[in-house]
Number of protein chains: 2
Amino acid sequence: MQLENIKCTPCQGGIPPMNESEAKQHLSQIPDWTLEEDATKLKRTFKFDNFVDALAFTNKIGDLCEQEGHHADMQVGWGYVKVFFQTHKIQGLHLNDFVMAAKVDALAR
Amino acid sequence: MQLENIKCTPCQGGIPPMNESEAKQHLSQIPDWTLEEDATKLKRTFKFDNFVDALAFTNKIGDLCEQEGHHADMQVGWGYVKVFFQTHKIQGLHLNDFVMAAKVDALAR
């Protein structure tokens, strides 16, 4: 199934984070994302021609995060948005993070 | 003069950044901000009870940055916004950065 079409499921913790090998397999569907910090986070940087467009994209991602109940950490400034996903309750990656990354890719298309 | 009431002036570079001693004097008007990375950046963290409020504050700062023509770098996620000011053309601090910090404080009041 396409990651982009999956709905995030609540994660209450109490499970181990996804291991690096499984994470790398999921990356094949979101090739513009990279694993950060021992495979505990996903990251992608988006470039823009100005500040306003970067902030507008931040808001689009914010709306998506609220809809899905799964929240990105973002860095935004003139011409860029860096997006990070991690499932904080397990201090690592969950399928939800890959789902969110794919949905962000869809927003950017 | 109150920093908050000063208008940012264009900085085209070609001047040295403010030194640490002068920067520390200006901090007295914006005591919630700290100097980062060898006094080349100003930083303040704001806390919120949810994601939506953090993003709304990010947008308020964004509007201010556009008005003043001086752009923050921000980190935003569930419950927080970290705001950084630096005058990128001189890779360090300019009075404009302190002016912007004071204006952000005013937004938060």
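Which residue takes a positive phi in the hairpin of β1(A) and β2(A)? In this hairpin, which has four residues between its strands, Glu37(A) is the residue with a positive phi, near 45°.

The model is predicted, with local features needing pLDDT of at least 70 and side-chain atom pairs pLDDT 80 or more, while totals for chains, interfaces and linings use all residues. Residues are numbered from 1 along each chain as its sequence is written, chains are lettered from A and ligands numbered from 1 in the order in which they are written, and side-chain values use heavy atoms, leaving out hydrogens and water.

Strands here are DSSP runs of E with at least two residues, and helices are runs of H or I with at least four, numbered from the N terminus; two strands pair if DSSP finds at least two bridges between them. β1(A) pairs antiparallel with β2(A), residues 41-47, over three bridges, and Glu36(A) stands opposite Lys41(A). β2(A) also runs antiparallel to β4(A), joined by six bridges, with Lys47(A) partnered by Tyr80(A).

| Charge | Ring | Distance to ring centre |
|---|---|---|
| Lys41(A) | Phe84(A) | 5.8 Å |
| Lys41(B) | Phe84(B) | 5.8 Å |

Rings of Phe, Tyr and Trp (its six-membered ring) pair if their centres lie within 6.5 Å, and planes under 30 degrees apart count as stacked, over 60 as edge-to-face and the rest as tilted. Six aromatic pairs are counted over all chains. Trp33(A) and Phe85(A) form a tilted pair, 5.9 Å centre to centre with 40° between the planes. Trp33(A) lies in the loop between α1 and β1 of chain A and Phe85(A) in β4(A), so the pair ties together parts 52 residues apart in sequence.

Note on methods. Lys NZ or Arg CZ within 6 Å of the ring centre and 35° of its normal.
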